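Thanks for coming, everyone. Please look at the screen, and then we will walk through the backbone.

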Amino acid sequence: EEHKQGAQATTIVVTERYYIRPYCKADAEVLAAAANDPAVARFMRNAFPHPYSLDDAHFFINMASERKPHVVDFAIFLPDNTFVGGIGLKPGSDTEYRTWELGYWLAREHWGKGLASDAVAAFVRWVLCDGGAYPEQQVLRLEAGVYQGNDASGKVLERVGFKREGVRRKAVFKNGAVLDVTLYGLLLDDLACRAVPYANN
């Protein structure tokens with residue numbers, strides 16, 4: 001029941017296919033069940049543990065909920081409140097404070113259905129358009145790094161409008177393998193949306 005009530009939490013994106021909202025404590029069990037999959041962890045940073053325990057889920061949700069000054073990690077759900085995966089941001093700093101990193105993942109049973117492309121497309125518009133979800137940061141650019149072999153994620157980004165900008169050769173050591181990382185970028189100017197503050201922020 002508490003998990004269902006989470007659906008009433010402040011949603012940031014709602015469509016006929018899914019909705020995106022901040023995590024709540026009741027999401028821990030479904031998060032752990034979906035994330036505890038080597039196929040999911042394969043292309044994630046090691047901060048995304050494997051095995052992924054219930055304690056890991058509680059730790060992550062507590063951290064995500066307490067981030068200041070903004071919540072930047074969100075959960076994706078189907079309309080029936082089935083957990084699909086996660087999507088979030090890593091704010092830039094110093095001279096790159098207007099460049100934020102995008103990350104996302106879906107539970108394996110939801111792969112190949114177009115949900116990732118749809119969710120990423122709507123999420124990046126929420127971040128960047130109409131003055132942006134974080135207007136005081138004035139985010140101008142989102143970027144994402146895709147590990148070698150994760151072709152599906154690269155295609156998701158390209159469908160959304162990200163541009164392939166280059167390759168960081170042998171930048172990652174994961175599961176005993178040295179991997180290249182392909183860098184993708186999306187600019188506010190790439191989207192046909194207004195760069196003005198929200199009226200109701």
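Where is the place of Pro 51? Pro 51 lies in the loop between α3 (38-41) and α4 (54-66). Helices here are DSSP runs of H or I with at least four residues, strands are runs of E with at least two, and both are numbered from the N terminus. The bond from His 50 to Pro 51 is cis, with omega near 0 degrees.

Some ground rules. This is a predicted model: local features need pLDDT of at least 70, side-chain atom pairs count only at pLDDT 80 or more, and totals for chains, interfaces and linings use all residues. Residues are numbered from 1 along each chain as its sequence is written, and side-chain values use heavy atoms, leaving out hydrogens and water.

Back to the cis bonds. Lys 68 and Pro 69 are also joined by one, with omega about 5 degrees. Pro 69 sits in the loop between α4 and β3 (73-77).

Now phi. Most residues other than glycine have a negative phi, and most peptide bonds are trans. Gln 138 has a positive phi, near 50 degrees. Gln 138 is in the loop between α5 (115-128) and β6 (141-147). Lys 170 has a positive phi too, about 50 degrees. Lys 170 belongs to strand β7 (residues 163-174).

Lys 170 is exposed, at 66%. Buried means under 20%, exposed over 50%, partly exposed in between, with a 1.4 Å probe and protein chains only.

Last, the whole chain. The protein chain has six helices and eight strands. Of its 201 residues, 45% are buried.
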